[in-house]
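Subject: Structure handover

Hi,

As promised, here is the structure for you to look through.

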Amino acid sequence: MRPRRAVNKRNSYKMSIELNKVVSFHYTLSNADGDTIESSQGRDPMVYLHGAGNIIPGLEKEMAGKAVGDTFKATVEPAEAYGERSQDKLQRVSAKVFPNANKLRPGQMVRLQTKQGPVQAIIVKVGRFNIDIDANHPLAGQALTFDVEIVDVRDATEEEIAHRHVHGPGGVNH
């Protein structure tokens, strides 16, 4: 005789995280030094469509097979997170590209329009004619540790699957 699977609050069988499931989870993100970078605790949980590439690949892989109520810790290396830092993303750009170049300060985040679409970058140095930027993700090159609690798992709607993201609370409203 096969044992029965645990039942969640909705009186249905506990669903495992797999392709095309909508997953709600709480997390605390820490760096290699153990410093907390961000957390969803005290806020609404993060919601994503599993298999659609809506979260970093390493965390999505760790989520597979988990179910409501599961808690776990996962360390994700840079290659499976925001990538390694790239010298190619450190660039010198003409100050003419920025409408308010004289107001820019090092450390400031800016959004640039490129041929590949919009890119966020951090101002590194402001000169009279050129501005040095860093378009690496702020967490690039870092191993990240996630403390995760799975809050809910449900089937995605056909529309969510077609659009490749969650709709409604915690997702996108069209």
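Below is what I found, going from the overall fold down to single residues.

Please keep in mind that this is a predicted model.

**Overall fold**

The protein's secondary structure consists of two helices and nine strands. Along the principal axes, the C-alpha atoms occupy a box of roughly 75 × 40 × 30 Å. As for burial, 36% of the 174 residues count as buried. If you take the contacts between residues at least 6 apart in sequence, 61% of them join residues at least 24 apart.

**Strand pairing**

Let me start with the hairpins. Strand E1 runs antiparallel to strand E2 (residues 36–39), with three bridges joining them. Thr28 has Ser39 of E2 as its bridge partner. Five residues sit between the strands of this hairpin, and Gly34 takes a positive phi there, near 85 degrees.

Further along, strand E6 (residues 109–114) pairs with strand E7 (residues 117–126), antiparallel, over six bridges. The hairpin from E6 to E7 passes through two residues, and Arg111 is found opposite Gln120 of E7. E7 is also joined to strand E8 (residues 130–134), again in the antiparallel sense, by four bridges. Here the hairpin has three residues between its strands, and Lys125 has Asp132 in E8 as its bridge partner.

In general, nonpolar side chains of soluble globular proteins tend to be buried together. In this model the largest nonpolar core is made of 21 residues, and Phe25, Leu59, Met63, Phe146, Val148 and Ile150 have the most contacts inside it. At least two residues of this core come from each of E1, helix H1 (57–63), strand E4 (71–76) and E9. Which element gives the largest share of this core? That is E9, with five residues.

Leaving out residues up to four places away in sequence, Met63 touches Ile17, Val23, Phe25, Tyr48, His50, Ile55, Phe72, Val148 and Ile150. There is also another core lying apart from the largest one; this other core has 12 residues, including Ala101, Leu104, Val110 and Ile133.

Ile150 belongs to strand E9 (residues 144–155). Is Ile150 buried or exposed? Its relative accessibility is 1%, and a residue counts as buried under 20%, so Ile150 is buried. Ile150 and Val68 are 82 residues apart along the chain, yet their C-alpha atoms are separated by 5.0 Å. With residues up to four places away in sequence not counted, the contacts of Ile150 are Ile17, Val23, Ser24, Phe25, Met63, Lys66, Ala67, Val68, Gly69, Asp70 and Phe72. Two residues in that list, Lys66 and Phe72, also have an arrangement of their own: Lys66 lies over the face of Phe72, 4.6 Å from the ring centre.

**Aromatic rings**

The model has three aromatic pairs. In one of them, the ring centres of Phe25 and Tyr27 are 5.9 Å apart with the planes at 50 degrees, so this pair is tilted. Phe25 is buried, at a relative accessible area of 1%, and Tyr27 is buried at 7%. Tyr27 also pairs with Phe146: their ring centres are 6.5 Å apart and the planes stand at 55 degrees, so this pair is tilted as well. Taken together, ring pairs connect Phe25, Tyr27, Tyr48 and Phe146 into a cluster.

Phe25 is among the residues with the most contacts inside the largest core, is touched by Met63 and by Ile150, and belongs to the ring cluster.

Key
Residues numbered from 1 in each chain as written. Predicted model: local features only at pLDDT ≥ 70, side-chain atom pairs only at ≥ 80, totals over all residues. Heavy atoms only, no water. Buried < 20%, exposed > 50% of the residue type's maximum accessible area, 1.4 Å probe, protein only. Contact = heavy atoms within 4.5 Å. Phe/Tyr/Trp six-rings, centres within 6.5 Å; stacked < 30°, edge-to-face > 60°. Lys NZ or Arg CZ within 6 Å of the ring centre and 35° of its normal. Pairing = 2+ DSSP bridges. Core = buried A, V, L, I, M, F, W, Y, C linked by side-chain atoms within 4.5 Å.
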